[in-house]
Amino acid sequence: MTISKIFKKEGFTLVETLVAISILLIAVVGPISIIGDALHRLYYARDEMIAISLAQEGIEAVRQYRDSNMLAGTPWDMSGITDVYYTVDVSDLLNQPTLTLADPCVGTCPDSGMPVFIGPSGFYQQTGGTPTQFSRIVRTNTGWVNDGVVFRELYVESTVTWKTGGQDGRVTVYADIFNWSP
């Protein structure tokens, strides 16, 4: 055996190298794109859960407003104002443990709602604080139950919109709130 045969080794050809790189790319890019899509869906689901809670909170704020008015002996249906849009703020629970309806927009609110912020106490609110990707609007209107002269039902619609990674989301919660007092 000669020395040239001992040291003569064959390497990969250019075609073999390109085929090997292509196989590696297919094996790596597929799972990475699946992981990226799964992360986007995870963030969207998280934001959707927050939006559902914010929309339900709008309904609960109207219920609380109704109950407070009924206990105080004042008109239960927001003084007869119907087809009005509201923003909803949760007061700092340490100082004032109540929900309040604020700022009737009287039809001038944008369809997507007003911005929602995170306040200094960590609660979502619609006045001041750290901006979020959420917007909320609560609409009230008289319902369909009428006992002669007085409507005894209030129709409430709470809508939250948001954007997660370029994908728009929208959640709307509906409720019929009734006058329980005679």
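Contact here means heavy atoms within 4.5 Å. With that cut-off, residues 24 or more positions apart account for 51% of the contacts in the protein chain with a separation of 6 or more.

This is a predicted model, in which local features need pLDDT of at least 70 and side-chain atom pairs count only at pLDDT 80 or more, while totals for chains, interfaces and linings use all residues. Residues are numbered from 1 along each chain as its sequence is written, and side-chain values use heavy atoms, with hydrogens and water left out.

**Stop 1: the whole chain**

Show the protein chain as a cartoon. Helices (H or I, at least four residues) and strands (E, at least two) are DSSP runs, numbered from the N terminus. Along the sequence, the pattern reads α-α-β-β-β-β-β-β-β.

Now switch to a surface. The protein chain exposes about 11,600 Å², and carbon and sulfur atoms supply 64% of that area. Accessible areas come from the Shrake-Rupley method with a 1.4 Å probe; for residues, only the protein chains shown count as cover. Of the 182 residues, 31% count as buried. Buried means under 20% relative accessible area, exposed over 50%, partly exposed in between (1.4 Å probe, protein chains only).

**Stop 2: helix α2**

Select residues 14–72. This is helix α2, with 59 residues.

Colour the buried residues of α2. They are Y44, D47, A51, L54, A55, G58, I59, A61, V62, R66 and N69. Then step just past the helix to G73, which takes a positive phi of about 80°.

**Stop 3: the aromatic cluster**

Select Y44, Y124, F134 and W162. Ring pairs link these four residues into a cluster. Rings of Phe, Tyr and Trp (its six-membered ring) pair if their centres lie within 6.5 Å; planes under 30 degrees apart count as stacked, over 60 as edge-to-face and the rest as tilted. The structure holds four aromatic pairs.

Zoom in on Y44 and W162. Their ring centres are 5.6 Å apart and their planes stand at 40°, so the pair is tilted. This pair links distant parts of the chain: Y44 sits in helix α2 and W162 in strand β6 (residues 153–164), 118 residues apart. Both Y44 and W162 are buried.

**Stop 4: the nonpolar core**

In soluble globular proteins, nonpolar side chains tend to be buried together. A nonpolar core is a set of buried Ala, Val, Leu, Ile, Met, Phe, Trp, Tyr and Cys residues joined through side-chain atoms within 4.5 Å. The largest one here has 20 residues, and F134 and V156 have the most contacts inside it. Helix α2 and strands β1 (84–90), β5 (130–142), β6 and β7 (167–178) each supply at least two of its residues. The largest share, seven residues, comes from α2.

Centre on F134. Which residues is F134 in contact with, leaving aside its neighbours within four places in sequence? They are D47, I50, A51, L54, M114, P115, V116, Y124, V160, T161 and W162.

**Stop 5**

Select strand β3 (residues 114–118). It pairs with β5 in the antiparallel sense over four bridges. Two strands pair if DSSP finds at least two bridges between them. Follow two of the partners in β5: M114 bridges to R136, and I118 bridges to T130.

F117 stands opposite Q125. The hairpin of β3 and β4 has five residues between the strands, and there G122 takes a positive phi near 95°.

**Stop 6: β5, β6 and β7**

Move to β5 and β6. Eight antiparallel bridges join them. R139 has E157 of β6 as its bridge partner. In β7, E157 has the partner Y174.

β6 and β7 run antiparallel, joined by 12 bridges. Their hairpin has two residues between the strands, and G165 in the turn has a positive phi of about 55°.

**Stop 7: V173**

Finish in strand β7, at V173. Is V173 buried or exposed? At 17% relative accessibility, V173 counts as buried. Leaving aside neighbours within four places in sequence, V173 is in contact with A55, Q56, I59, V156, E157 and S158. Draw a line from V173 to V156: their C-alpha atoms are separated by 8.2 Å, and the two residues are 17 apart along the chain.

Key:
The expected span of a helix is 1.5 Å times one less than its number of residues.
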